[in-house]
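Subject: Structure handover

Hello,

Please find the structure below. My notes on its side chains follow.

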Amino acid sequence: MTTPLPRPKRKKKGEGGGSGTLRADREKAGLTGSQDIHALPPEDGELLELDPETISPNPMNMRLELRDMDAMIADVGERGVHTPGIVMHTKVFMECYPQWASRVKHPDRTFILGPGHRRHAAALATGRIMPAVLRDDLARNRRVEEELVSENNSRAGLSPIEQALAIDLLRQRVHEDEDRALSFDEVVERAGYTAGTVSKYLALLKLPEEVQQAIHIGDLSMRAGYSLSLLKDADGKKESPEAHALQLRGWQLMRDEKLSVEAAKNRLTLEGQPQFHAGNSPSSPVAVPEPRDESSPQAGEPQAPSGETPKPEAPSGGSDAAPQGETAAAPDAVAVIETTDGAAPAASPAPAVDPEVLRKAAADQRDLACRLLLAEERFAKGAESNARLVTVVLNPNEWKQAAAKAHAWLVELKKGPSSKKRPTDYFAAVAASEDSGLMHRAAFAIGLAADEVRAAQPDRAWDARDVAHVQFLATSRASYQLSEWEQQQVELLSRGKQ
């Protein structure tokens, strides 16, 4: 059923561009007196009322699923489709886009959609008429992709992967005037995003399929997905099987152990290199995390569109932490974290700095990382907490200073009875509270503080316990980044044990 809405009365010849009188037009079209002028083929820009069964979905539509259809169907069932879609003649579309012809779902239908797939699905479900504007010119001028991307930009609910697929569709199109693909700048202009945002969207499509699916369903943010896409294999490639294994492993760490993306990247770095443990002599210096990538984030989280400095990434959702004792096999490749392009101009050698000043600066940063970690609801696994508490119990001389620091951290974070001004009174109150979560947090805080007090002591050489402390902070949810001074201590100790 194709019922055009009434057309404006045509002008007579000489009155502004009309093709002649109405009678002449009817005679030219071969219409008899009993036939209606609306039997003439519809023209571009004409508003039609169509049976949705005469319209085929467009294979270029990059929506992976039509969301929130219950509300849409209920509204259309009650009021009808009140916003017209856009259609083209199917034959015209297939002639202008032969590469898509084989993917047209219903090539026998008269029309094919441009934007309007949710409205069309609701019209099909309710049996209501589908108003649509005929736009064969979009197919003839090869601008269907722009219309779909533009429509997507104005619609809520699209996942970052669906937006990326729409931009990729635009990137693959052929320029309407030349036999060539659009340049990156042309894609940016026609997509309506910034260049940085377009780059980040396209980077998502290079991730392993499982990671893309996590982004699509909302288990992984776009910013975190883009950060994972920067992981490279040992040869600096981001799309090799080895790089994909690293990217997938990073997502698994985030999902299973509730790590932030930066903590997961730090863990990958440490997994990819020999580890230093007390009593063991590694064959090469222990790996230390490289500087994190601080490039701008994400749209729709969306991308704090490029140019803004992202806030620290919150941990992505997922299942419970992996059981204690389980260790995933380390990937063969070494994680390489991409940093900002462009080398800084060579600077003159900096004056020597007192090592104790560097130690103090590093200690201040670790102290902040400890407080960030204690503020988390999932601050540590049971085994990690118990190991630190055992260390304090076996070294009673450390208790007083450790308790004082732990008390200061917890009171600042408003954890526990802040009215207790003395550490001994505070921890006695915690022990009597019968709050098991608070007791575990306080015990872990004391063990963590004991490690930190020890690492911060001046005029002492670091040992395996200090190395284990900074490695734990680097791979925890605090995502701590080792300073140059700390990296030197780790390397010196590791070489000394060889």
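Is F93 buried or exposed? F93 counts as buried because its relative accessibility is 0% (buried means under 20% relative accessible area, exposed over 50%, and partly exposed in between, with a 1.4 Å probe and protein chains only).

Before the rest, two notes on the basis. This is a predicted model, in which local features need pLDDT of at least 70 and side-chain atom pairs count only at pLDDT 80 or more, while totals for chains, interfaces and linings use all residues. Residues are numbered from 1 along each chain as its sequence is written, and side-chain values use heavy atoms, with hydrogens and water left out.

Aromatic rings

Rings of Phe, Tyr and Trp (its six-membered ring) pair if their centres lie within 6.5 Å; planes under 30 degrees apart count as stacked, over 60 as edge-to-face and the rest as tilted. By this rule there are 7 aromatic pairs. One of them is stacked: F93 with Y97, at 5.2 Å centre to centre and 25° between the planes. Y97 is buried, its relative accessible area being 0%.

Another pair is W462 with W485, which is edge-to-face because the planes stand at 85°, with the ring centres 5.3 Å apart. W462 lies in the loop between α19 (436-456) and α20 (464-475), and W485 in helix α21 (residues 484-496), so the pair ties together parts 23 residues apart in sequence. (Helices, H or I of at least four residues, and strands, E of at least two, are DSSP runs numbered from the N terminus.) Both W462 and W485 are buried.

F379, F444 and F472 form one aromatic cluster. The ring of F472 also has the charged end of R388 over it, 4.0 Å from its centre. A charge sits over a ring if NZ of Lys or CZ of Arg is within 6 Å of the ring centre and within 35 degrees of the ring normal. K200 likewise lies over the face of Y226, at 5.0 Å from the ring centre.

Salt bridges

A salt bridge here is a side-chain nitrogen of Lys or Arg within 4 Å of a carboxyl oxygen of Asp or Glu. A search of the whole structure finds 20 of them.

R366 and E486 form one, with the closest N and O atoms 2.7 Å apart. R366 lies in helix α15 (residues 355-375) and E486 in helix α21, so this pair ties together parts that are 120 residues apart in sequence. R366 and E486 are both buried.

R371 meets E412 in a salt bridge at 3.1 Å, N to O. This pair links distant parts of the chain, with R371 in helix α15 and E412 in helix α17, 41 residues apart. Salt bridges that share partners join D367, R371, K405 and E412 into one network. E412 is partly exposed, at 46% relative accessible area.

R135 and D137 form another, the closest N and O atoms being 2.8 Å apart. R135 is partly exposed at 24% relative accessibility, and D137 is partly exposed at 22%.

Backbone

Most residues other than glycine have a negative phi. R142, not a glycine, has a positive phi near 55°. R142 is in the loop between α6 (136-140) and α7 (144-153) and counts as buried at 17% relative accessibility. K414 is not a glycine either, and its phi is positive at about 60°. K414 is found in the loop between α17 (399-412) and α18 (423-432) and is exposed, with a relative accessible area of 70%.

Regards
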